[in-house]
Number of protein chains: 2
Amino acid sequence: MAYSRLWDTEKLPLVASDDRIIATDVIATHDVPPFNRSPYDGFAIFSEDTKHASQNNPVRLKVVDAIGAGHVASCRVNSGTAIRIMTGAKIPDGADAVIMLELVKEMTDQENSYIEIKRSIKKDENISFQGEDTQQGKLLVKQGTKITPGIVAILATFGYHLVSVYKKPVVGILSTGTELLDVHEDLQPGKIRNSNAYMIAAQVRSMGAEVKLYQHKEDDLDSLYQNVKECLEETDMVITTGGVSVGDYDYLPAIYEKLEAEVLFNKIAMRPGSVTTVAVHEGKWLFGLSGNPSACFVGAELFVRPVILSGMKMNKPHCAVTKAILASDFPKANPFTRFVRATLSEDCDQKVVTPAGLDKSSSVSSLIEANCLIVLPGGTRGWAKGSEVAVLSWHGEGSEWPWNHPLFSKSSVTKTAEKQP
Amino acid sequence: MAYSRLWDTEKLPLVASDDRIIATDVIATHDVPPFNRSPYDGFAIFSEDTKHASQNNPVRLKVVDAIGAGHVASCRVNSGTAIRIMTGAKIPDGADAVIMLELVKEMTDQENSYIEIKRSIKKDENISFQGEDTQQGKLLVKQGTKITPGIVAILATFGYHLVSVYKKPVVGILSTGTELLDVHEDLQPGKIRNSNAYMIAAQVRSMGAEVKLYQHKEDDLDSLYQNVKECLEETDMVITTGGVSVGDYDYLPAIYEKLEAEVLFNKIAMRPGSVTTVAVHEGKWLFGLSGNPSACFVGAELFVRPVILSGMKMNKPHCAVTKAILASDFPKANPFTRFVRATLSEDCDQKVVTPAGLDKSSSVSSLIEANCLIVLPGGTRGWAKGSEVAVLSWHGEGSEWPWNHPLFSKSSVTKTAEKQP
């Protein structure tokens, strides 16, 4: 996180700012409501006039004006008079209360309109006071906040027809691997269609970035080096998929070296994705993800997400952590911490999490239903159904830093609930 | 819901289909993996050859070919031979197991390469079998499902470079009210900026629709009628805000009558939003929401959302319902069911919900933090801190039909937890 940097900002029309991250604080530039106003259709009156009003002693007031919302009265409310007022209209000078339309009797003679009131109305009754909702100068929305419909309402209220937001960083996704066909190509013996690039592209777009797709088809060092360089020049960060394992044709470590990129790590004690490499070159990030779909998926959520979001000053750039009950045995032990794609649901009062589909790093079908990752700290044995486990979710608000959650520590490996039949 | 209809469909490039609702079932058109493949870098062998292999009795095999991912072997693996194979490559004919690179000793003489194996390898070891992830013909994604990154991966795998999705319906939002300034205008006495239209627009876009904004500034029946008619002709459904109350300038009921629209309801026992009108005219929906921000907000989530989403065959078109503990007293009793904008969070093991900001239907500030609605069934008394309440959320998956949740019934009004200091 120490290497993260802020993205540029741009101004967008309010109607195009949905879900973007605001780059300025929003401060109330006036009170809300901006004036005392009527919350109902009724009559603005001088409350003192109704002090002795009752069923047997109705008070009669002369109606001297009528104002709709958006209009202002042409005169004051003096004792003995009233002004007809619509919801949202400004309380006329002199009036200190509103009586609802339904509670008065309206009458007219040849020249004038009158109302009759049969109850006492207190001072300030039915007035929405200037500033009661929000006072001028109040900090309403902080820089780094996602623009929701509610925030759009706030921005409109205060006249932000242009909104300053963080630009979407451009993420280059470079697929390597001679086995990859593009999505429109027919299957060929020994080859598969490239699904990782499209999947990561969708993940990265959902994080608020833009994507440029690159495809490298040859397995030779020089042309791949040129490709990575070009990709770095044309984008704000680069994700490569494939070519980071230990096989004969894995050139990425050599390429990082040739670029003189600073490699932050090139192995990580986790499954899937142990062969993930993360490097920084001239302030730009390089993520080398394995070619396995689940490793790609997990790598994007764990490593790419916080870099994109912290660049927009979001204070919760990581996946959110919650706890849930494991719905089925997970017998496979592993010395490394596992991130298992899973489905989180609510069952009666508790959250329940079920591993999704085939648990192999090459599995594609497990991606259909998965809405979270189960985190299983490494250890010498598997996990029993009923265990309490930590779950990372890319939906909702995120977290500041999930990695110190107590369920992530190895000690909790021993905590297994009673096995159910 | 009986009046809902399906929107049209369109074909989009895969990279433009994020978050859209798929309009066809997706069926696996081939097995995944499409062929037996190697999950590791190693050597494809004939397992029988290693039957008696051990530390003291190493077996030596001649390496007859080397294949990278995407390539196919030029010959078979016969007894006594092996083929070097990279992760993802197709298992050559004759081979029935793979031994990992790290477990063999490689050697060459003048003419040939050999490997030495010091353990027995079982038949089928280290082979990812054709169809083990997904079998041809399997229904993977149902029509009416939102396209997530995982589903993008599936679509890419099966060659969907064009994806059939539901078209975004066009929602006309017609603001009425002479008090409304547009967002770029300076404040004027008695007037406020139109925040409702922009807010509802953002809500409706987040539901997957497009928006056309209309503004009506005069308060006369004929021009408003013309405006509503025009708006109906140019869009798939119309939301009006304001002008549906009981005041002097509320023309919408008359307009529905003049249109000969079928009014489904024009009052509803809820707060805010009791003056909501919903009508259907020639198959198009008309939603008449009050001019109050919170009534608009709630009306869009409760009434507009299911119409937009069921038109895309989503099987959970309504807000999702969950339960939570009320974090503060809500003393105001009301005979009607209330929908209180609130903030849902997780506190230790339970969900906690707190009313957001000023609880007035005119409040704008309460929209900033609100991420859900508390549902408080009507009754003769308020609600105590600690009560278990139902909460509606527009985040996540939604629900089929939330309205039969037990917490929505009036009887639960009496269920109040002990008051805490």
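The model is predicted. In it, 75 residues of chain B are in contact with 75 residues of chain A. Helix α1 of chain A is largely enclosed by the rest of the structure, because 8 of its 9 residues are buried.

**The interface between the chains**

- The size of an interface is often given as the accessible area lost when the parts come together.
- For chain B and chain A this buried area is about 6100 Å², and carbon and sulfur atoms give 60% of it.
- On the side of chain B, the residues that lose the most area to chain A are B:Asp133, B:Pro149 and B:Ile368. Together these three account for 9% of what that side buries.
- The rule finds 10 residue pairs in polar contact across the interface of chain B and chain A, with both residues at pLDDT 80 or more.
- Several elements of chain B give two or more residues to the side that touches chain A: β9 (139–141), α1 (149–157), β13, α2, β20 (320–326) and α6.
- Helix α1(B) gives the most to that side of chain B, with 9 residues.
- Sorted by class, the side of chain B that touches chain A holds 35 nonpolar, 22 polar and 18 charged residues.

**Salt bridges**

- Side chains of opposite charge can pair when their charged atoms come close.
- The rule counts 20 salt bridges over all chains, and it finds 4 across the interface of chain B and chain A.
- A:Glu346 and B:Lys351 meet through their side chains in a salt bridge, at 2.4 Å from N to O.
- A:Asp18 forms a salt bridge with B:Arg205, and their closest N and O atoms are 2.4 Å apart. The pair joins two chains, because A:Asp18 lies in the loop between β1 (9–13) and β2 of chain A, while B:Arg205 lies in helix α2 of chain B. B:Arg205 counts as partly exposed because its relative accessibility is 22%, and buried would mean under 20%.
- A:Arg205 and B:Asp18 also meet in a salt bridge between side chains, at 2.4 Å from N to O. Here A:Arg205 lies in helix α2 (residues 196–206) of chain A and B:Asp18 in the loop between β1 (9–13) and β2 (26–27) of chain B, so this pair joins two chains. A:Arg205 has a relative accessibility of 23% and therefore counts as partly exposed.
- B:Asp222 forms a salt bridge with B:Lys258, with the closest N and O atoms 3.4 Å apart. B:Asp222 lies in helix α3 (residues 221–234) of chain B and B:Lys258 in helix α4 (residues 252–259) of chain B, so the pair ties together parts that are 36 residues apart in sequence.
- Both ends of this pair are partly exposed: B:Asp222 has a relative accessible area of 47%, and B:Lys258 has a relative accessibility of 43%.

**Two helices of chain A**

- The buried residues of α1(A) are A:Gly150, A:Ile151, A:Val152, A:Ala153, A:Ile154, A:Leu155, A:Ala156 and A:Thr157.
- Within chain A, these residues pack against β2 (26–27), β9 (139–141) and β10 (162–166). From chain B, they pack against β13 (192–193), α2 (196–206) and α6 (366–369).
- Helix α2(A) is mostly covered, with 9 of its 11 residues buried. Among them are A:Asn196, A:Tyr198, A:Met199 and A:Gln203.

**Domains of chain A**

- The domain assignment of chain A gives domain 1 (11–31 + 137–166), domain 2 (42–117), domain 3 (170–310) and domain 4 (320–414).
- The centres of domain 2 and domain 3 of chain A, taken over C-alpha atoms, are separated by 72 Å.

**A:Lys191**

- A:Lys191 lies in the loop between β12 (180–181) and β13 (192–193) of chain A.
- Not counting residues up to four places away in sequence, A:Lys191 touches A:Thr178, A:Glu179 and A:Leu181 in chain A, and B:Pro34, B:Phe35 and B:Gly70 in chain B.
- A polar atom of the side chain of A:Lys191 lies 3.3 Å from the backbone oxygen of A:Thr178.
- A:Lys191 and A:Lys11 are 180 residues apart in sequence and 45 Å apart in space, C-alpha to C-alpha.

How values were computed:
Residues are numbered from 1 along each chain as its sequence is written. Chains are lettered from A and ligands numbered from 1 in the order in which they are written. This is a predicted model: local features need pLDDT of at least 70, side-chain atom pairs count only at pLDDT 80 or more; totals for chains, interfaces and linings use all residues. Side-chain values use heavy atoms; hydrogens and water are left out. Buried means under 20% relative accessible area, exposed over 50%, partly exposed in between (1.4 Å probe, protein chains only). Helices (H or I, at least four residues) and strands (E, at least two) are DSSP runs, numbered from the N terminus. Contact means heavy atoms within 4.5 Å. Buried area is the accessible area (1.4 Å probe) that two parts lose on being put together, summed over both. A polar contact is a pair of N or O atoms within 3.5 Å; within protein, one must be able to donate a hydrogen and the other to accept it, and residues adjacent in sequence count only if both atoms are side-chain atoms. Ala, Val, Leu, Ile, Met, Phe, Trp, Tyr, Cys and Pro count as nonpolar, Asp, Glu, Lys and Arg as charged, and the others, Gly among them, as polar. Domain bounds come from an automatic or database domain assignment.
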